Amino acid sequence: MDAALALIVGKYNYWIYIVLMMIGLYAVVVKKNLIKKIIGMNILQTAIILFYVSIGAKKGATIPIIAHAHNGGGEHVIHAAEYINPLPHVLMLTAIVVAVATLGVALALSIKVYKQYGTLEEDEIYEKIRES
Amino acid sequence: MKAIAMVAVVLCGGLLIYGSLDFPDWGDPNSPASTHLSPYFIENAIPDTSVPNIVTAVLADYRGYDTMFETAVIFSAGIACLLLLRMFTPNAPDSRLYRHTPTGVTIRIEQGGKLPENTQEFQRIDLSWVPYDVIVNTGCRLMVPFIQLFALYVIAHGHHSPGGGFQGGVIYGAAVILFAVSKDLRSAIEQVGEKMTAYLSSAGVLIYAGTGLLCLFLGGEYLNYSALAGLLGVDPIAARSHGILIVEVGVGLAVMAVMVSLYYILSSDGKLDEGL
Amino acid sequence: MSQHFPAIIIVIPLIAAFLVTIAGWINRRYCMPIAAFALTTALYGAVRLVLQVMAGGAVTYQMAGWPAPTGIVYTIDALNGIVLVVVSAVALLNLVGTSQIVARNYADRLAPFYSLYVLFVTGLLGIVITGDAFNLFVLLEITSLTGYALIGMGRTHAPLASLNYIFMGTIGASFYLLGVGYLYLSTGSLNMADIAAILPSLYESKVVLAAFVICMTGLFMKMALFPLHGWLPNAYALAPSVVSGLIAPLTTKVMIYVMVRIALTVFTPAYTFGTLGISQAIVWLAVIAIVMGSFMALSQKSLKKMLTYIVIAEVGYMVGGFWLANRTAMTGAVLHIINDAAMTLCVFLAACSIRFKLASDRFENLRGIFRKQPVTMAALVVGALSIIGVPPTCGFFSKWYLLSGGIAAGHYAFVAALLFSSLVNAVLFFRIFEIGHFEPFSRHGHGPAAERINEAPVTMLVSLLAAAAVLILLGLYSGEIVTNIIDYAIPAQIS
């Protein structure tokens with residue numbers, strides 16, 4: 001029981017992100033509305049971003065900005081354990097930007113589809129393609 | 001179809017959770033990610049680059065190459081929307097709406113009709129026009145310059161507080177979009193035109209790539225800012241700090257221009273005529 | 001300057017993309033020359049790098065002056081270098097070939113088109129040359145984004161096909177990112193060589209196994225391996241023809257290169273082929289891909305759609321050859337990356353030329369085309385012979401290696417699938433040749449009407465002939481390529 005509790009406490013953040021990821025994946029695969037698929041794709045990407053950010057957490061550490069740096073000339077010693085890991089944050093800045101860019105292009109394509117077929121539901125669009 | 005997908009997704013999730021049993025605990029300071037590479041960044045950010053914000057130091061200096069491509073991603077998203085939606089040869093729209101200001105009568109002019117020339121009395125309105133509201137318009141007009149100032153502050157203070165080029169650029173773009181939403185798309189285009197956004201976005205990324213190329217010509221590797229020490233007249237460590245500021249400015253310009261351009265194109269369906 | 005070639009190869013095309021955008025607002029005629037100059041520089045740099053690698057071993061370059069694993073480091077070895085040359089050469093040939101067609105069809109959107117074109121090639125070059133796992137993701141996303149936009153410009157329901165490609169492609173890239181995240185979680189590093197050094201002590205961990213599987217799944221989605229190939233036929237067939245000559249030869253092959261890189265460099269061959277035990281399953285997937293691709297190609301009624309199913313089958317060749325895990329098969333797979341890029345370029349350029357002149361590539365419209373477009377069809381014949389696998393074109397040699405590798409591994413299903421696919425390709429292309437030679441009778445019934453030659457623009461003909469010549473040259477020099485480059489590309493542990 002203790003071991004199971006320790007397991008849950010130590011890993012529950014990863015499980016939440018996995019559930020979120022699977023919700024996004026389900027939305028992309030199953031939903032018929034193009035906008036809902038785009039939202040599902042965004043949820044998937046957001047879950048991965050949260051996963052990375054949680055890798056960098058450290059118990060009892062503060063944000064990775066070194067305080068009083070330019071006042072005392074940085075004389076005090078910097079211990080790595082006092083600051084959280086900055087690298088996942090850097091990587092995820094990039095990933096967020098990439099997700100937003102993909103969202104922009106996906107929306108532009110949806111507008112084109114809507115102008116062409118007048119609807120955003122996939123089955124109706126395929127009907128119209130079959131008819132033409 | 002839904003059942004198969006649900007089964008597959010649950011299976012996939014279960015496998016991932018099974019795989020997560022070997023992960024390091026959440027917040028463990030002895031995990032490989034926290035002990036292998038990042039202590040170097042935390043301990044050496046100030047001796048190497050004299051930038052207290054470690055995230056900015058890593059983003060723009062140690063891994064600055066990634067950030068350059070990230071800016072290129074934003075740029076290509078803007079160009080992609082331009083390529084896909086923008087109609088450069090706007091044929092006359094199907095019908096235009098004009099409002100006669102003295103009487104408040106709205107007239108619709110179909111294609112081929114004569115457009116009213118007396119612009120004092122006739123005001124062009126959009127399909128989704130709402131009457132002029134003092135509170136919304138004045139409030140937004142008052143807020144926009146402060147938002148822009150805050151955006152510039154965020155870009156400039158990326159060294160000392162959370163911030164930097166991307167965040168500042170988005171805030172600035174949001175200010176312009178606020179103006180466009182509260183007033184009119186056409187008046188926003190008058191202030192920040194399409195040509196301006198195209199030039200600014202290219203200029204922003206060119207500043208970044210060009211700085212790297214300058215470092216190459218001055219003898220260092222690509223994007224090695226300490227090579228700029230002679231040009232800027234400071235020691236190599238301060239040169240790194242200044243180099244980071246230069247590229248952050250470039251990033252901010254590019255992001256701002258692309259955000260505004262994306263809004264213009266997406267909200268007006270490529271015609272840059274009538275918007276939200 | 002020559003020690004900075006790894007950076008220059010990527011940076012010159014990148015800056016050129018932005019200059020093209022600015023040039024578009026000044027004078028549109030500058031766009032194509034700037035793009036051509038950038039790609040020529042990239043090709044020159046790539047060739048110089050390959051010669052450097054062949055003379056002195058692997059070349060490394062530290063971006064921003066920071067050593068690995070602190071910074072991003074580029075490593076060029078034999079495998080990288082040859083794929084770099086292939087990517088830049090194919091992109092340049094397609095750019096030159098389609099320049100007049102683009103100037104006619106997309107005159108008002110020249111600047112964004114060429115800007116995205118050059119950014120696409122920059123992304124591909126970066127994917128091939130990088131030695132950092134996260135940098136690869138960013139470049140993968142540049143390539144994907146520009147690809148989505150270029151494909152979305154096509155006809156009929158191309159925006160919908162591109163949107164489906166976005167969904168599958170983003171899920172694939174996100175899985176790759178997740179795999180890199182797992183690797184970072186367990187090793188703490190992002191540099192490929194560094195991860196490879198740390199991993200051997202962690203091979204029993206479930207995390208590493210999950211990382212491998214997730215990475216590979218993401219890559220299989222992006223390279224359109226069966227059963228994750230659904231997005232490819234529509235996306236490539238409906239894309240503008242000027243763009244399919246760029247995207248079709250390159251995207252899947254570069255993804256296969258990434259798979260090879262991750263399986264051989266990040267995870268050592270001992271782990272990939274020994275500890276994991278999934279090689280057999282993947283070879284069977286490849287066999288199904290080859291058979292299914294060939295079958296579907298038989299039932300198509302238009303040239304481009306047929307070619308896209310052939311692309312799916314070719315992906316099966318390379319993936320199957322790689323996962324057979326013996327030296328001959330892997331040589332065949334790597335040689336096929338080079339050859340298939342050239343073959344696909346040749347046939348897609350020919351399809352572009354046909355579509356430009358005829359406005360439709362359905363088989364019934366191809367009657368008498370040998371008289372109307374002799375040069376185009378000559379190039380198509382050479383490309384077809386290469387896809388079928390007839391010496392002295394290059395396709396024969398890579399197929400020979402793949403077949404020998406399959407026999408050596410005892411995987412007779414793979415051998416049978418290869419032979420079946422060659423037969424089906426022969427049927428497919430000879431059907432086209434037959435229709436192409438059939439000349440319609442003239443209205444007055446006095447005998448076959450004399451069709452005038454109505455060929456594609458000059459630049460297209462030059463590219464077609466160059467592509468066909470490359471196919472034959474690659475075939476004649478296969479032996480040298482294998483002994484001088486590919487033998488060094490494959491690590492020595494593989495027998």
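Let's start with a pair of strands. In chain B, strand β1 (residues 95-100) and β2(B) pair in the antiparallel sense, over 6 bridges. Two strands count as a pair if DSSP finds at least two bridges between them. Strands here are DSSP runs (E, at least two residues), helices are runs too (H or I, at least four), and both are numbered from the N terminus.

A word on the source. This is a predicted model: local features need pLDDT of at least 70, side-chain atom pairs count only at pLDDT 80 or more, and totals for chains, interfaces and linings use all residues. Residues are numbered from 1 along each chain as its sequence is written, while chains are lettered from A and ligands numbered from 1 in the order in which they are written.

Back to the hairpin. β1(B) and β2(B) have 4 residues between them. In the turn, B:G104 has a positive phi of about 85°. Which residue of β2(B) is the bridge partner of B:R96? That is B:I109.

Buried means 20 or more other C-beta atoms within 10 Å of a residue's own; exposed means 12 or fewer; partly exposed is in between, with C-beta atoms placed from the backbone. For chain B as a whole, 46% of the 276 residues count as buried.

Now the whole chain. Chain B has 11 helices and 3 strands.

Next, the neighbours. Contact means C-beta atoms, placed from the backbone, within 7 Å. On one side, 44 residues of chain B are in contact with 44 residues of chain A. α5(B) gives the most to chain B's side, with 9 residues. That side divides into 30 nonpolar, 7 polar and 7 charged residues. Nonpolar covers Ala, Val, Leu, Ile, Met, Phe, Trp, Tyr, Cys and Pro; charged covers Asp, Glu, Lys and Arg; the others, Gly among them, are polar.

Then chain C. Here 46 residues of chain C are in contact with 47 residues of chain B. α5(C) gives the most to chain C's side, with 10 residues. That side has 27 nonpolar, 15 polar and 4 charged residues.

Key. Contact = placed C-beta atoms within 7 Å.
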